[in-house]
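Thank you all for coming. I would like to walk through one structure this morning, going from the arrangement of its parts to individual side chains.

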Amino acid sequence: MAPAFVIVGASLAGASAAITLRKAGVAGSVTLIGAEPEAPYERPPLSKAYLRGQASFDSALVRVPAFYAEHGIATVLGTAASRIDTDRRFVELVDGRRFPFDSLLLATGTRVRQLTTSGASLQGIHSLRTVADANRIRAEMSPGRRAVVVGMGFIGSEVAASLRQDGLDVTAIEPSKTPLYRVFGETVGRRIAELHRVHGVRTVFEDTVESFDGDQRVAAVVTKNGRRFGCDFVVAGIGVEPAVGFLDGSGIHTDNGIVVDEYCRTNLEGIYAAGDVANHYHPVFKRRIRVEHWQNAMRQGAAAAHNMLGEPVIYDDIPWFWSDQYDWNLQYAGFHRSWDQLVVRGQPDGNSFLACYLNDSRIDAAIAVNRGLDLRRVIRLIKARQPVDPRRIADESTDLRQIAA
Amino acid sequence: MPFETATSTKASAIRPGALARIDIGGARIAVANVDGVFYAFDDACTHEQCSLAEGDLEGAKVICACHGAEFDVRTGDVLAPPATEPLRVYPVRVADDILHIEV
């Protein structure tokens, strides 16, 4: 009998896997199961062009909805999986339907961390992960309205930029010293803070929300340091966590997401994970990393599909993503948590620079501000894991393609 | 009806493997030199309108520096996302070292 391929998570990773299975001409059924009602779509526009009404939802779709049926991919949308029976090998949905599988991919992504602050259940407090979330925020957006953005990670920073660009009054509250402090450190973080201030965001660092005030709707945000910001609505971007609740009792090993090896395999035969939910062993960095970005979802989903087909593929792409804020194109590649040397090419107080994070003279990661070409060229150096001469990286007259990898 | 424009750009000014941007009337056109053969196409990436002339050229593949979309400069076909729409391409002719582009 032809094998049943089941994918839980009608996400970019899930869709990429389904498309890859069909492109490979696999015999057997391919079923894509998703909690959201929409056909799989890409999330990057939700905090940027889509939020600002500059891009349609259709343009964010991975494929037009009709594509799936036309290519023999059964979609089961709007219903989340509730459990996996790994002995009898079926997926059960919250409505009780069961889907037997021979090969299973888990691509459920993340869910937003919930605010636990006093007043967090007031109306007008939003988070952003799905298109439904984006639509709720869009409905709040009109010039002059006052928004408070809680958290200046990638989502918070992008939302703050989009709201300002559309003429809203924006206050952003972030517990760290700068936006994106944990990833980028103070030098780059300060520059991003300045970018937001120049564009008129009221930035509040090293402070957190004590409470949300209001009757039914939020009317003000009060901080631990005692500041009070009147507002019409709030967008919280306080991070996400892997969506693994449905795996309780399944025997599938989780630890900061679903633990998989370099082939995207879980601890159980025939069960794989990819995308934001997968804590994947990365052979270049020789450790597990979980990446919550577009390229990883697309490429790791495809790699997992090849492995499901019995064509072994080690997934070793260098993680890479972009974050567009105002007229800045930020890009990051690699993986780092700490660094012993920061090497900057260009002026970090200007609008175009590359910052490389090194350990033991090797580049672990880099961020580019309006320097996508430099970043592309550094990815090769990150992958090579060879020591580099930091003076040559910093020297603008050096062609980064000429540095030995 | 398309008509050919003699640009003020010398073909010899664009080395093999290089990209250049040429404005023709109101149109932003990018030109690629692929091993001595010139190809012209819209400079604006179909994904989010970044300048492709500021991207990378690898063989006949242009790579957008902003978000990594890839196109075949000979046909305009999308080779890698996030772009989904093909690029418009334009015929190019070189006469006396001057690029002529049919826009």
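In this predicted model, the C-alpha centres of domain 1 of chain A and domain 3 of chain A lie 32 Å apart. The domain assignment of chain A places domain 1 at residues 4-111 together with 240-308, domain 2 at 125-236, and domain 3 at 327-404. Where domain 1 of chain A meets domain 3 of chain A, the contact involves four residues from domain 1 and six residues from domain 3.

The size of an interface is often expressed as the accessible area that is lost when the parts come together. For domain 1 of chain A and domain 3 of chain A, that buried area is about 450 Å², with 83% of it on carbon and sulfur atoms. On the domain 1 side of this contact, the residues divide into three nonpolar, no polar and one charged.

Let me turn to the contact between the chains. Chain A and chain B bury about 970 Å² between them, and 53% of that area is on carbon and sulfur atoms. The contact draws on 13 residues from chain A and 13 residues from chain B. Between chain A and chain B the count is six residue pairs in polar contact, again with both residues at pLDDT 80 or more. Which elements of chain A supply at least two residues each to the side that touches chain B? They are α6 (294-308), β22 (320-325), β23 (328-334) and α7 (372-384), and the largest share, four residues, comes from α7(A). By residue class, the side of chain A that touches chain B divides into six nonpolar, three polar and four charged residues.

Salt bridges between chain A and chain B number three. In one of the salt bridges, B:Glu58 pairs with A:Arg376, and the closest N and O atoms are 3.4 Å apart. Within chain B, B:Lys61 forms a salt bridge with B:Glu70, with 3.5 Å between the closest N and O atoms. Are these two residues buried or exposed, or in between? B:Lys61 is partly exposed, at a relative accessible area of 24%, whereas B:Glu70, at 16%, counts as buried.

Over all chains, a search of the whole structure finds 39 salt bridges. Among them is the pair formed by the side chains of A:Lys383 and A:Asp316, at 3.4 Å from N to O. Because A:Lys383 lies in helix α7 of chain A and A:Asp316 in the loop between α6 and β22 of chain A, this pair ties together parts that are 67 residues apart in sequence. A:Lys383 is partly exposed, with a relative accessible area of 36%, and A:Asp316 also counts as partly exposed, at 27%.

In chain B, the side chains of B:Asp72 and B:Arg74 meet in a salt bridge of 2.9 Å, N to O. Here B:Asp72 counts as buried, at 10% relative accessibility, while B:Arg74, at 47%, counts as partly exposed.

Staying with chain B for a moment, B:Asp23 is found in strand β2, residues 19-24, and its side chain is joined to that of B:Arg21 by a polar contact of 3.2 Å. B:Asp23 and B:Asp56 are 33 residues apart along the chain, and their C-alpha atoms are separated by 19 Å.

I will finish with a residue of chain A. A:Phe184 sits in helix α5 of chain A, residues 181-198, and at 2% relative accessibility it counts as buried. What is A:Phe184 in contact with, leaving aside its neighbours within four places in sequence? Its partners are A:Phe154, A:Ile192, A:Leu330, A:Tyr332, A:Trp339, A:Tyr357 and A:Ile367. As for A:Tyr357, it is 173 residues from A:Phe184 in sequence, and the distance between the two in space is 8.8 Å, C-alpha to C-alpha.

Notes: Residues numbered from 1 in each chain as written. Chains lettered and ligands numbered in written order. Predicted model: local features only at pLDDT ≥ 70, side-chain atom pairs only at ≥ 80, totals over all residues. Heavy atoms only, no water. Contact = heavy atoms within 4.5 Å. Buried area = accessible area lost by both parts, 1.4 Å probe. Salt bridge = Lys/Arg side-chain N within 4 Å of Asp/Glu carboxyl O. Polar contact = N/O pair within 3.5 Å; in protein donor to acceptor, adjacent residues only side chain to side chain. Nonpolar A, V, L, I, M, F, W, Y, C, P; charged D, E, K, R; others polar. Domains from an automatic or database assignment. Buried < 20%, exposed > 50% of the residue type's maximum accessible area, 1.4 Å probe, protein only.
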